[in-house]
Amino acid sequence: MKQDAFDYRVLWTWDYCTFWDDSNFIRGFGATGENKRRRSFLDDYKRMVDFCAVHGINGIVIWGALRAHNDGEQQLKDLVRYGRMKGVRILPGVGLFSYGGVYYDARKNNIGMTAPPEYHPYSLHSWLKEHPELSAIAADKKPYATGFLSDLACPSRIENIEWFKRALAWLFQEIDVDGVQMEVGDYAVCHCDLCEKKRKGHENSVFCIEDMIEPYTIACDVIKSIKPDAWAICETYSSFASPHQDNKREGFGAAIDEKQKSLLRALPQETIVQWVMDRAVGLAPLQKWDEYSSTPFKNNISRIHAGSQHTLHGPDEWAIHSIGDMVQKSRQSAINGISIFGEESPASPPSEANYLIFSEFSGYGNPNPNCSMNTFYAQTLDPLYGGSGMSREWERIYISGHIARLNKQLQTKTAKDPRHFHPLHLAIDQPDLVDIVCSMSSQERQKYTLKLIAETHDISSKLSGESCRRWSWLENWLWRAEYLHRTIIT
Ligand SMILES: [Zn+2]
């Protein structure tokens with residue numbers, strides 16, 4: 001298999017919840033909360049860089065990359081150098097009109113939830129505090145009331161774009177990064193007269209393609225003028241597949257129409273355009289991604305959220321079917337970039353399997369030229385799980401226990417949107433398991449889970465070393481689920 005099937009093989013992260021070194025067991029408090037994870041920044045990310053270097057992954061996106069506390073600027077400089085040495089680009093996530101701008105959090109010491117913001121020329125909050133007239137405004141024509149890390153700037157004001165140009169230039173010159181991933185913001189749009197005139201519809205969306213064209217073009221020019229080989233990744237928040245059965249026609253992950261694609265055509269060809277393909281992959285996709293699905297660009301990254309905190313299945317999701325499908329479809333479509341989440345450590349077997357299929361289907365690791373799932377199970381997973389057929393057995397028990405753990409809220413959600421849990425049947429060939437489990441009482445679920453625990457223990461007790469560890473992890477995970485069934489709150 002060609003090893004250069006994809007130019008861009010990227011892990012996507014927020015710094016506050018990247019958890020590769022759990023000698024610091026605290027996670028951050030959300031993107032805008034206190035970040036106690038930062039003290040372990042280099043311990044987390046150097047481990048990730050080492051793993052990436054071994055598995056052919058050549059980029060790591062970090063949102064929240066620039067923080068003043070814990071000597072954050074120096075941490076980032078050190079990590080960029082370390083990554084470069086190992087062939088892995090460190091790519092800060094930067095917001096043009098949102099997500100804090102280029103310098104995410106300028107507070108040097110007191111970073112508690114209520115600690116006030118501090119000044120930095122390339123923090124979006126600092127900029128808008130000096131120029132409140134450049135803020136985005138809500139539909140009621142008043143400025144948005146957000147926390148200071150979520151300020152919103154108006155995308156139609158050239159002063160904001162000029163400020164972002166200066167901020168980007170500083171980032172490339174001062175921190176010497178090898179690229180960035182840019183976003184305009186996906187939580188609200190500006191309703192000033194200039195923006196509404198430009199937008200021509202889509203008023204109800206939380207982002208607009210129209211807001212991306214000029215800013216991304218200018219930003220890309222700045223980046224390339226400073227560092228010609230830098231990666232300028234531009235997020236669209238959208239899918240290039242056809243909507244097919246997907247009723248979602250607007251907002252994050254929706255398929256955009258040809259008219260909107262044609263707007264994006266104005267972006268410079270060296271831009272790397274990033275797409276959200278979650279709804280077009282997996283065992284029961286809603287969008288259709290086939291040979292007729294096109295993007296107008298030379299450089300594209302397909303990205304999904306599987307195996308992260310941002311899916312219903314949670315960060316321990318066994319997501320090999322979605323990830324494998326995305327990588328395979330990307331190859332068939334001549335997409336030259338792929339991205340998945342990287343916040344979870346491969347010490348967790350589901351995360352490990354997710355990274356391994358990402359790598360193998362990209363042309364690294366064990367040879368698998370046709371991206372065959374059967375080959376992946378047999379040559380890569382089975383030796384890790386104790387022998388022939390053992391990884392499918394692990395998968396069957398894990399998915400069964402996972403479905404049995406569905407709480408009432410998830411049951412309701414699953415009934416409304418079957419793509420979340422019902423497709424898992426297909427992975428383990430057990431029709432209607434969700435329906436069967438949902439009709440069980442908590443005592444019946446406990447009994448069902450105890451049966452799975454007994455099967456798992458029977459296997460783990462016969463194994464040793466790393467294979468035993470993966471089964472023991474499952475056994476412990478099932479006991480945690482059993483506790484929930486045993487202590488049900490009415
Ligand atoms: Zn505006």
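The label follows from the angle, because under 35 degrees counts as roughly parallel, over 145 as roughly antiparallel, 65 to 115 as roughly perpendicular and the rest as oblique. Before going on, a word on the source. This is a predicted model, in which local features need pLDDT of at least 70 and side-chain atom pairs count only at pLDDT 80 or more, while totals for chains, interfaces and linings use all residues. Residues are numbered from 1 along each chain as its sequence is written. Helices (H or I, at least four residues) and strands (E, at least two) are DSSP runs, numbered from the N terminus.

Back to the pair. H8 and H9 pack at an angle of about 15°, and their axes are 9 Å apart. Axes here are lines fitted to C-alpha atoms, for helices over the stretch in contact, and angles run from 0 to 180 degrees between N-to-C directions. The crossing of H8 past H9 is right-handed; that word is used if the near helix is turned clockwise from the far one by less than a right angle, and left-handed if anticlockwise.

Which residues of H8 and H9 meet? On the H8 side they are Ile320, Ile323, Gly324, Val327 and Gln328, and on the H9 side Ala353, Asn354, Ile357, Phe358 and Phe361. Contact means that two C-beta atoms, placed from the backbone, lie within 7 Å. Seven of these residues are nonpolar, three are polar and none is charged. In this count Ala, Val, Leu, Ile, Met, Phe, Trp, Tyr, Cys and Pro are nonpolar, Asp, Glu, Lys and Arg are charged, and the others, Gly among them, are polar.

Next, H10. Helix H10 covers residues 373-385 and has a kink of about 30° at glutamine 379, shortly before proline 383. The bend at a residue is the angle between axes fitted to the seven residues ending there and the seven starting there. Phe376, Tyr377, Leu381 and Tyr385 are the buried residues of H10. Buried means 20 or more other C-beta atoms within 10 Å of a residue's own, exposed means 12 or fewer, and partly exposed is in between, with C-beta atoms placed from the backbone. The buried residues of H10 pack against H8, H9, H11 and H16. Just after H10, glycine 386 has a positive phi of about 110°.

H11 also packs with H15, at an angle of about 160° and with axes 10 Å apart. H11 and H15 are therefore roughly antiparallel, and H11 passes H15 in a left-handed crossing. H11 contributes Ile397, Ser400, Gly401 and Ala404 to the contact, and H15 contributes Arg445, Tyr448, Thr449, Leu452, Glu455 and Thr456. By class, that gives four nonpolar, four polar and two charged residues.

Last, two loop residues. Where is histidine 244? Histidine 244 lies in the loop between strand E5 and helix H7. Its phi is positive, about 50°, although histidine 244 is not a glycine. Histidine 244 counts as partly exposed because it has 14 C-beta neighbours inside 10 Å. Aspartate 432, in the loop between H13 and H14, also is not a glycine and has a positive phi near 65°. Is aspartate 432 buried or exposed? With 11 C-beta neighbours inside 10 Å, aspartate 432 counts as exposed.
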